[in-house]
2 protein chains.
Amino acid sequence: MVGRTIATKLVSIGHEVRMGSRTADNDTAVGWAAEAGARASNGTFADAAAFGEVVFNCVSGRHTLAALESAGAQNLDGKVLVELANPLDFSTGAMKLTVANTDSLAERVQRAFPGARVVKSLNTMNCDLMVDPTLLPEDTEVFVCGDDPGARAQVSAWLQEWFGWRAPLDLGDLTAARGLEAWLHLWLRLYGALGTTRFNLKIVRAP
Amino acid sequence: MVGRTIATKLVSIGHEVRMGSRTADNDTAVGWAAEAGARASNGTFADAAAFGEVVFNCVSGRHTLAALESAGAQNLDGKVLVELANPLDFSTGAMKLTVANTDSLAERVQRAFPGARVVKSLNTMNCDLMVDPTLLPEDTEVFVCGDDPGARAQVSAWLQEWFGWRAPLDLGDLTAARGLEAWLHLWLRLYGALGTTRFNLKIVRAP
């Protein structure tokens with residue numbers, strides 16, 4: 001759902017998008033490519049990663065490392081990899097993160113693919129808001145972090161130009177992903193309290 | 001600093017406050033009690049807990065359980081215990097929490113003192129904002145969670161009446177403290193990015 005939302009938005013503003021799946025004949029991806037028009041295509045994770053100038057990881061947290069392995073390090077080298085996944089685990093009832101506090105999924109991805117320019121972003125909200133922050137009545141926050149300052153600046157520019165965000169908050173190196181992923185603990189409780197996924201946080205500071 | 005800020009505010013609006021320390025002759029507490037007027041006093045943790053109709057835990061996370069042991073379970077039984085501490089550990093350089101993800105300091109406190117009515121609140125911001133949310137130019141959020149709905153409602157009412165908050169967001173049972181304490185990961189990076197402690201989050205939702 002996250003991948004389809006991002007991909008559809010990018011196609012709608014003129015980009016060519018290849019959606020990757022475990023197999024090139026994935027029904028959902030084939031269906032999306034058929035519907036989304038001439039700039040949309042699909043293939044394996046490796047096809048998609050080789051095709052893209054920028055790669056969005058929209059796979060669930062528990063499948064992220066395997067999907068990127070399948071995509072192939074050589075297809076990620078030197079590219080900006082926008083890492084949106086949350087390492088959620090509901091197997092024991094209460095939500096927990098499979099990595100937390102002293103490490104993060106984004107850092108694991110960066111260590112596994114040192115040639116990729118990993119930027120954690122967009123994981124802090126529901127996907128409809130990712131590509132249309134104007135669904136909310138006020139400007140809210142999107143964050144970026146990553147070890148490559150140039151990649152962070154590039155993703156910040158894209159978030160504004162492509163999706164309509166105000167200037168993202170740049171949290172610095174990739175260890176900040178520990179905070180962005182830990183936000184899901186609070187996000188899920190807010191979802192429970194508010195009864196909607198259509199909310200986001202805004203940072204209010206003193207003048 | 002947190003305790004002094006809360007205590008000074010409570011005295012200023014007419015409450016009697018006893019500040020607890022490890023020893024009754026703690027210089028800072030004695031000085032505070034002398035300055036803060038007739039409604040202010042100080043003593044041991046046990047003195048303070050026995051005196052209070054409500055207890056605020058403003059001790060640092062790593063000393064919280066020891067301070068409450070010293071306060072004495074019999075002095076906490078049946079009382080609302082507002083738990084403000086964050087289990088921060090900077091001993092290895094990067095901040096980490098000493099308890100996280102599948103447990104929280106607030107839950108540990110509740111397990112250790114089953115007779116106390118623990119409500120986690122106010123730990124998500126700097127102390128000047130706790131007692132004066134109007135320092136920020138917009139309404140922002142304060143949260144409550146705890147296993148006793150009556151205690152949550154009581155603390156919510158106090159936050160509005162004593163400190164001037166708008167209606168707190170009630171996140172339900174005490175496991176939500178995992179999210180409130182994990183917020184510190186993000187808070188610290190925001191502090192770094194913004195260069196000020198005078199900020200807070202506001203939840204913006206769709207109409």
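The residues lining the largest cavity divide into six nonpolar, four polar and one charged (Ala, Val, Leu, Ile, Met, Phe, Trp, Tyr, Cys and Pro count as nonpolar, Asp, Glu, Lys and Arg as charged, and the others, Gly among them, as polar). The model is predicted: local features need pLDDT of at least 70 and side-chain atom pairs pLDDT 80 or more, while totals for chains, interfaces and linings use all residues. Residues are numbered from 1 along each chain as its sequence is written, chains are lettered from A in the order in which they are written, and side-chain values use heavy atoms, without hydrogens or water.

The structure holds three cavities of 30 Å³ or more. A cavity is a set of points, on a 1 Å grid over the protein atoms alone, where a 1.4 Å probe fits but cannot get out; lining residues have an atom within 4 Å of a point. Volume is the space filled by probe spheres set on the points, which are joined across faces, edges and corners.

| Cavity | Volume | Top contributor to lining |
|---|---|---|
| Largest | About 60 Å³ | α9(B), three residues |

Helices are DSSP runs (H or I, at least four residues), numbered from the N terminus.

Around the largest cavity, the lining includes L97(A), H185(A), L97(B), R178(B) and H185(B). Both α8 (177-194) of chain A and α9 (177-194) of chain B supply at least two of its lining residues.

The second largest cavity is lined by F56(B), V82(B), V155(B), W158(B), L159(B), W162(B) and F163(B). By class, this lining has seven nonpolar residues, no polar and no charged.

Definitions and conventions
1 Å grid on protein atoms, 1.4 Å probe; cavity = no way out; pocket = protein on both sides within 12 Å on 5 of 7 lines; lining within 4 Å.
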